[in-house]
Amino acid sequence: MKSISSFSAFTLLLALLPLVGGCGSSTAANKSGAPAAASSASGSKTPVTLLNVSYDPTRELYEEFNSDFAKHYQEETGTPVTIEQSHGGAGKQARAVIDGLKADVVTLAIAYDIDQIAELTGLFPKDWQKRLDNNSCPYTSTIVFLVRAGNPKQIKDWDDLVRDGVEVITPNPKTSGGARYNYLGAWGYALKKFGNDEQKARDFVKKLYEHVPVLGSGARDSTTTFVQREQGDVLITWENEALLALKELGAEKFEIVVPSVSILAEPPVTVVDKNAAAHGAQEVAEAYLKYLYSPAGQRLAAKHFYRPSLKEQADPEDLKRFAEIEMFNVDEVFGGWPEAQAKHFNDGGIFDVIQEEIASSK
Amino acid sequence: MDAPALPVTLESPESWQVAGPRLRTATEESTWVRWLLVGSTLLFLTLVLFVPLAAIFAEALRKGWEAYFASFDNANFWAAVRLTFLATGISVPANLIFGVAASWAIAKFDFRGKSLLITLIDLPFAVSPVVSGLIYVLLFGMTGWLGPWLATNDIQIIFAVPGIVLATIFVTFPFVARELIPLMQEQGSEEEQAAISLGANGWQTFFRVTLPNVKWALLYGVILSTARAMGEFGAVSVVSGHIRGKTNTLPLHIEVLYNEYNFVAAFAVASLLTLLALVTLVLKTTLEWRIQRDLEEASRSV
């Protein structure tokens, strides 16, 4: 008896080891096989792979845009392009590029994160934002509120977020670009309301974060917290993210609330010159970003709920979905991103101090 | 007080036994206490284990089998499967060799720094997986210690397959060694000494005496580290870079699907990982029984 069962178990061991080892070797074979197959399909031109490192809510936009661009580029030049995507909170993504993620283009939520990459790595010039139209922002957005159907807590404006018993969902400004817009949106609103009184604006924002039960790492993380796990009464988020949630999860479950005033969100794009040049993708990378400004790119941006920078290119039906809203921008109210970042979001900045105060008062 | 209340008398054990049932023994609780304990345990298990487990399959099959299988018809999914198997296929054999060598040294020999080695082996258990990932970013990242040198030599470690393999090795590091050390220590080194005194060389002793003695524990450790390697999220997430179809493992692929409102596919892939875990569990239970027997044999022979 013993010899039979130990024999069977031992054959199991023997069967397991080659299986585990075999998987490795078959993948290796696949890898060496793949380029050969690809080059034979391409004919004369060598295929190019592009890595677009982007922020959280652009997943659906770039999925469609990438296949559209790949088709367009191959028709124009005969070069097949494969575009790889990586998504996450904008701060986290910028950090990854700084740490060595080989992005050919970055399409992030805020200029500051791209500034950081230029500053710390020198992979592209510091005046990158002048290289494309509209401050290198092919599309813009703003910050709105998403509430549950029927708006049970009667949320109409920023003021209502700090009422008793209202739970607010917003991501962490340390890792998410969208979250920084949410924060600055609230701050800008309070400045306007209290006649530019900085102290009152700070108190308002602190009160707002007292209503936040959990800080997600990125915009999408917070959206799933709100819509899927059904936590919180209101989600502060990108307009595009709110419209997408309505489309994906049912317009009957949620409502969008447009506040009296909000912040203009400008997500910029740029080529990471040295990474792209290192594998001969500079030309494709530039064409890729230019294509965002083309009629096709602008139409796709509007289709995926981003406000196109060239409105006349987009489908008027798509444009109807964007509410009229009074907007201020970061430059006007906060003196630009470097200043806003240093004052509010860097280590020891106002956001950190507020968080500490909230934690110690609990 | 009546002195002879206890019927225990030294001269007649029979009378003690007869009188026994009138006393409640310390280990016997009344029926309702027993039901309460069993019931609350079952309730707890149902809530934290069975319901979530069932929920995975319920969510995965919410739109029927067709939608379930459609979730696997996706290039990014298969890329994630390949990467997961690759990382597991490298990390498990690596830890197998290391684990056997380390536990052999620890159990059969005395040397300086032995307790330090044991502590180091346990380190991945103590460190948060996210920190394990960050260690590699600090080491191999562009702003890290070795980053600039790696870049000039065009070697990519983090945000590529090598980084994912390294992170997986790190988190599965203790499993094999931790299984082998107690068994080997229990077994002692008498059999090896006997083999050597009969003229066996080192390798012969190892392959004919040491290894057969621990084969079940070894297999157990291998299975545990395989399961962990396939399911690891935190450490791999930090070093992955999240490039679709390239550096996403199965757990990371699940996160991507979930975040794209693709709940059926997310739970379908999760159900695959769950099935793998259940298979692991069955293998593990079978092996536990065998190891127990080996241990008993070892202690009997001492």
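How many bridges join strand S4(A) to strand S11 of chain A, and in which sense do the two strands run? The model examined here is predicted: local features need pLDDT of at least 70 and side-chain atom pairs count only at pLDDT 80 or more, whereas totals for chains, interfaces and linings use all residues. Residues are numbered from 1 along each chain as its sequence is written, and chains are lettered from A and ligands numbered from 1 in the order in which they are written.

Two bridges join S4(A) to S11 (residues 307-308), and the two strands run antiparallel. Helices (H or I, at least four residues) and strands (E, at least two) are DSSP runs, numbered from the N terminus, and two strands pair if DSSP finds at least two bridges between them. Within the pairing with S11(A), A:Tyr139 has A:Pro308 as its bridge partner. Strand S9 (residues 261-265) of chain A is likewise joined to S4(A) by two bridges in the antiparallel sense, with A:Thr142 opposite A:Leu264. Five bridges link S4(A) to strand S7 (residues 234-238) of chain A, again antiparallel; here A:Val144 is partnered by A:Thr237. Strand S8 (residues 254-257) of chain A pairs with S4(A) over four antiparallel bridges, and A:Glu255 of S8(A) faces A:Val147. S4(A), which comprises residues 139-148, is mostly covered, with nine of its ten residues buried. A residue is buried if 20 or more other C-beta atoms, placed from the backbone, lie within 10 Å of its own, exposed if 12 or fewer, and partly exposed in between.

S4 also takes part in the packing of helix H12 (residues 295-303) of chain A. The buried residues of H12(A) are A:Gly297, A:Gln298, A:Leu300, A:Ala301 and A:Ala302. These residues pack against helix H2 (59-77), S4, helix H11 (282-293), S11 and helix H13 (316-319) of chain A. Just after H12(A), A:Phe305 adopts a positive phi of about 75 degrees.

Confidence in chain A is described by pLDDT, the predictor's confidence in each residue, from 0 to 100. The average for chain A is 87, and 88% of the residues score at least 70. Over residues 1-43 of chain A, however, the pLDDT is below 50, and this stretch has 24 contacts in the model beyond near neighbours in sequence. Two residues are in contact if their C-beta atoms, placed from the backbone, lie within 7 Å.

Chain B contains 14 helices and zero strands. Its radius of gyration, taken over C-alpha atoms, is 27 Å, well over the 19 Å that the globule rule gives for 302 residues, so chain B is more spread out than a compact globule. The globule rule is 2.2 Å times the number of residues to the power 0.38. Along its principal axes the C-alpha trace of chain B spans about 90 × 65 × 35 Å, and 35% of its 302 residues count as buried. An unreviewed UniProt entry lists several stretches of chain B as "transmembrane region", including residues 77-104 and 116-143; such annotations may be inferred rather than shown by experiment. Residues 77-104 of chain B are 100% helix, with end C-alpha atoms 40 Å apart, whereas residues 116-143 are 82% helix, with end C-alpha atoms 30 Å apart.

The contact between the chains takes 29 residues from chain B and 28 residues from chain A. On the side of chain B that touches chain A, the largest share, eight residues, comes from H4(B).
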